[in-house]
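My notes follow in the order in which I went through them.

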Amino acid sequence: MAEAPTTESVALGPSKKSNAQETPLKNTESKSLKPSWRELTVSFVMRTKVHGLKFIFSPDKSIPQRVIWIMAFFLCISLLCTWSRNRILYLMSYPAVTKIYMVWAHNMSFPAVTICNKNVFRVSTLTKEDLYHSGYWMDLMYHNHTVMEKSLSILRDSHKQGLLSLLDFNNYNPHPDYRINTTEMMGRLGHQLEEMLLDCRFRGEICTHKNFSTIYTRYGKCYTFNSGLDGNPLLTTLKGGTGNGLEIMLDIQQDEYLPVWGETDETSYEAGIKVQLHTQSEPPFLHELGFGVAPGFQTFVSTQEQRLQYLPPPWGDCKSTPIDSEFFSTYSITACRIDCETRYLLENCNCRMVHMPGTSTVCTPEQYKDCADPALDFLVEKDNDYCVCQTPCNMTRYGKELSMVKIPSKASAKYLAKKFNKTEQYIGENILVLDIFFEALNYEKIEQKKAYEIAGLLGDIGGQMGLFIGASVLTILEIFDYLYEVFKDKVLGYFIRKKRPQRCQSDNLEFPENPTSPGVTPNHAPRAPVTPSGVTRTVSDSRRTCYLVTRL
């Protein structure tokens, strides 16, 4: 038996407004099907992977059980937050660790070797003109070119008759147009390598003074082996150990040392040479970084290359930006120091020292004495704020181990004296041998690395989340999904309801075509015939068109 059809009426507007009139009913039905935020919360609690929530809200648990679960849950949340805060603070402290390891190589570049005689001026090359213009600098004379009596007495006691005769300026008239050139004077009066170098070998092959480049330091005229300048190629070594590096025999020429008659920066109490091992891109800084080699000994220098890599701020304190200098292209601590000292002297003395780079005017001997030497000493010893040079992020240095043996032996003293046409005493007081070689064909890599990064932070927090509340990344997505649903229900739903059109407020959804016709009342209007679409049309006197929707 067929069921009687049921009907549902919705008042709609004329023609195109009919669909708009039908929408409120559909929205009301769809809204009744959507879960509320309370239902969403219950659903989330029951299906989430966060441990403990389902037991806190479970109706099957007693109140004491639920209290225990609440306390345990918040205790775990507190521990998780405490540990996460600790890890975040550790990350924000930018920790770093140092890693040291050895790297073996088939061949290695030999370092640059700079040597300087401890004596700046040779006595035998001094002239009356040199003493007249630079005697004040050497602490021999007063500023008015009169010789100090204490200097004369020391020279008489040391039997330096030649120097005494040069200091007699009674009948000396200096040339009025003469301008002393400090660079030329240092180059001429300094020790010449072709006279000092008695023997030179690199990896067993003979080398000469032509394999050295001239360079000026605070010790005056110095020489650098394997500098890469003057057309000399960079040298490499294929083996470690003695005999596979540089071996030189030098005569330090102590007879040429300037007598010490006062304390100046140019006088030396020691006899020997100063040596520094450095890279070709780094200028030498022997007066602070060099090591001494004494005559009468053969000194073995076993070196190992060390490559250091530091981290820039905030993990470390190295300088990663290029050097801001018109004199050097590669940043190093020594380059920074020399550049800074040069600028300091130009600002305070209006000149530069001979060893300083640039094209500015070189200080005269009087300027050395009165301004340059005191200013540089003050800068190095007391002014710690003017020259602040950071460590470069990448640098190479050479660790050294020194050992020595006596030279000459009693068996070789006569042979060496005869070979170099010197006395045995002269050989013992002036000859030295320097042997520089790699300890092994490897280098030490010292690398600073970040101790803690974002990946470590996420791993630690994720591990603690799994330990304390059983959560993971997908659990966090579940929480965000739940919050999105609540937000959509509360906030977006509010604006949607605010913009929704109002329903037709009528007591009846059906109106007779002519309510004033005899025999017809509004509450008992004849049913209109059903159209194939299931919609009947009625007309009201309020100039509205309504439809009767019939659901079969």
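I began with the secondary structure of this predicted model, and I found 16 helices and 19 strands in the protein chain. I then looked up burial, and 40% of the 552 residues count as buried. For the accessible surface I noted about 32300 Å², of which 55% belongs to carbon and sulfur atoms. Of the contacts between residues at least 6 apart in sequence, 74% join residues at least 24 apart.

Next I turned to the nonpolar cores. The largest has 39 residues, and Phe 121, Leu 131, Met 138 and Leu 140 are those with the most contacts inside it. I listed the elements that give two or more residues to this core as α5 (128-134), α6 (149-157), α7 (161-166), α8 (182-189), α11 (333-349) and α12 (365-381), and I noted that α12 gives the most, with five residues.

My last entry concerns α8, where Thr 182, Met 185, Met 186, Gly 187 and Leu 189 are buried. What do the buried residues of α8 pack against? I found that they pack against α5, β7 (212-217), β8 (220-225) and α12. At the N-terminal end of α8 I noted Asn 181 as the cap, with a side-chain oxygen 3.1 Å from the backbone nitrogen of Thr 183.

Methods:
Residues are numbered from 1 along each chain as its sequence is written. This is a predicted model: local features need pLDDT of at least 70, side-chain atom pairs count only at pLDDT 80 or more; totals for chains, interfaces and linings use all residues. Side-chain values use heavy atoms; hydrogens and water are left out. A nonpolar core is a set of buried Ala, Val, Leu, Ile, Met, Phe, Trp, Tyr and Cys residues joined through side-chain atoms within 4.5 Å. Buried means under 20% relative accessible area, exposed over 50%, partly exposed in between (1.4 Å probe, protein chains only). Helices (H or I, at least four residues) and strands (E, at least two) are DSSP runs, numbered from the N terminus. Contact means heavy atoms within 4.5 Å. Accessible areas come from the Shrake-Rupley method with a 1.4 Å probe; for residues, only the protein chains shown count as cover. A polar contact is a pair of N or O atoms within 3.5 Å; within protein, one must be able to donate a hydrogen and the other to accept it, and residues adjacent in sequence count only if both atoms are side-chain atoms.
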